[in-house]
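Work through the exercises below with the sequence and the model at hand. Each task is followed by a solution in steps.

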Amino acid sequence: MRKTNQSVDGRSVFRVDKFVVPAAAREEILAKVRTTHELLRLQQGFVQDFLLEQFSGPGEFNLVTIVEWESQAAIDNVVPIVKAAHERIAFNPHEMIARLGVRADIANYQRVPGL
């Protein structure tokens with residue numbers, strides 16, 4: 001498992017999931033995030049991850065996860081692995097988010113060159 005800040009070609013991809021989580025849903029969401037990230041950390045191409053919780057400021061997203069991958073190909077390879085793991089435990093992230101009233105903003109990012 002690589003633990004560097006950039007991939008070999010300098011094209012790390014960052015999966016950033018931002019959530020507005022009601023207080024009553026916090027523990028359930030955190031438990032699922034932790035379980036999923038345990039699996040992600042075992043996958044080829046994983047670099048590092050963060051689970052951030054807002055403690056001050058006017059921002060609307062109170063939980064943010066960031067996972068750095070060596071490349072988009074690494075993300076593409078892990079998607080079916082995570083989906084299969086969720087199916088084995090009958091976990092549907094979309095259903096949970098809707099049921100708990102969580103709002104999510106999910107996207108992949110790359111570093112801006114020259115910074």
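**Exercise 1.** Which residue in E3 does Phe46 stand opposite?

*Solution.* Phe46 stands opposite Trp69 in E3. The model is predicted: local features need pLDDT of at least 70, side-chain atom pairs count only at pLDDT 80 or more, and totals for chains, interfaces and linings use all residues. Residues are numbered from 1 along each chain as its sequence is written, and side-chain values use heavy atoms, without hydrogens and water.

**Exercise 2.** Give the strand order of the open sheet and name its edge strands.

*Solution.* Step 1: the four strands are ordered E2-E3-E1-E4, with antiparallel pairing. Strands (E, at least two residues) and helices (H or I, at least four) are DSSP runs numbered from the N terminus, and two strands pair if DSSP finds at least two bridges between them.
Step 1: E2 (46–53) and E4 (103–109) are the edge strands, each pairing on one side only.
Step 2: E2 and E3 (residues 63–69) run antiparallel and are joined by seven bridges.

**Exercise 3.** Describe the packing of H1 against H2.

*Solution.* Step 1: H1 (residues 26–40) and H2 (residues 72–88) pack at about 135 degrees, with axes 11 Å apart.
Step 1: that angle makes H1 oblique to H2; under 35 degrees counts as roughly parallel, over 145 as roughly antiparallel, 65 to 115 as roughly perpendicular and the rest as oblique.
Step 2: Thr36, Leu39 and Leu40 in H1 meet Val78, Ile81, Val82, Ala85 and His86 in H2.

**Exercise 4.** Is His37 buried or exposed, and what is in contact with His37?

*Solution.* Step 1: His37 lies in H1.
Step 1: His37 is buried because its relative accessible area is 8%; buried means under 20%, exposed over 50%, and partly exposed in between (1.4 Å probe, protein chains only).
Step 2: leaving aside neighbours within four places in sequence, His37 is in contact with Asp49, Phe50, Thr65 and Val67.

Methods:
Axes fitted to C-alpha atoms, helices over the stretch in contact; angles between N-to-C directions. Contact = heavy atoms within 4.5 Å.
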